[in-house]
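Dear colleague,

I am handing over the structure below, and I would ask you to look through it before reading on. My notes on what was found in it follow after that.

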Amino acid sequence: SLELYQYLSRHCDIQSDIRHRAERTALCGFSSGTNLTTAGSWATAIGRTRFRFVYPDVMVVPIPQPGGVPDEQTVVDGTYMAAMLAGSVVSPNTDVATPWTGKRLVGASRLARTLDAVEQNQIAVRGVTVIEDRSPILRVRQGLTTDMTSILTKLPTIIQIVDETQRQSRGTLERFIGTKFLPGILSQIEGQLTATLRGLVEAQILAAYTGVSAKVSVDDPTTAEVEGYIQPVFPLLYIILTFNLRSSSLGR
């Protein structure tokens, strides 16, 4: 239900805040029979970058039979489709910056609801990740979150990159907690965090970073305030090709 998904989206936001430090995202599918309009309306109603929907709502999967008997076919709802995509996203063969767009999902025979290009666009602009038939596999047409506000909120990998950067940075800076807050600590913190961010750039998780700085909090002498700027690795989603016409002869 929409109420359940709204509760789940709030849970993800709360668990990902500075207090809980348990970064979470949700990837959900729709029950069988959910039409295009309802799916789009639910995505708009949630509108959160940590919550992702997949559509269509039904697909056909083969059930292997013993003894070489041809497989049976059964129809399952969109929650299974979401589980397929989730398995692909967290696969150890990919990293957090690997684009969702173009991901190949194996295990289903075909979609049981087919959308044309117009319908795919209509639901995608509402913040729904559309899965399309590319026999013999399914393919992610474009990975999206339910928050379509900007390029930084609508791409699922952006949040994944930010979460990974936060996790690694916490691990790097944890060693300084409980030490004497001497003047040299701030430069050590800056150096260690810079090394962590440099490693993320080398791993092709971040495109760049800058402005790493640490200072003593003006409100609490036991607190170091550290900040920096990071640029995530963006997916290549569009190629605009222009041919220019000429009347004169051209070389090859």
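Helix α1 passes helix α2 in a right-handed crossing, a crossing being right-handed if the near helix is turned clockwise from the far one by less than a right angle, and left-handed if anticlockwise. Helices here are DSSP runs (H or I, at least four residues) and strands likewise (E, at least two), numbered from the N terminus.

Please keep in mind that this is a predicted model, in which local features need pLDDT of at least 70 and side-chain atom pairs count only at pLDDT 80 or more, while totals for chains, interfaces and linings use all residues. Residues are numbered from 1 along each chain as its sequence is written, and side-chain values use heavy atoms, with hydrogens and water left out.

To return to the two helices, the axes of α1 (residues 2–15) and α2 (residues 36–46) come within 10 Å and cross at roughly 35°; axes are lines fitted to C-alpha atoms, for helices over the stretch in contact, and angles run from 0 to 180 degrees between N-to-C directions. On the α1 side Leu2, Tyr5, Gln6 and Ser9 meet Trp42, Ala45 and Ile46 of α2, where contact means heavy atoms within 4.5 Å.

The largest nonpolar core has 19 residues, of which Phe51, Phe53, Tyr55 and Ile123 touch the most other members. Such a core is a set of buried Ala, Val, Leu, Ile, Met, Phe, Trp, Tyr and Cys residues joined through side-chain atoms within 4.5 Å, and buried means under 20% relative accessible area, with exposed over 50% and partly exposed in between (1.4 Å probe, protein chains only). Its largest share, four residues, comes from α2. Leaving aside neighbours within four places in sequence, Phe51 is in contact with residues including Tyr5, Ser9, Cys28 and Ile46.

Finally, Thr157 lies in helix α6 (residues 156–173) and is buried, with a relative accessible area of 2%. Not counting residues up to four places away in sequence, Thr157 touches Val96, Ala97, Thr98, Pro99, Trp100 and Pro235.

With kind regards
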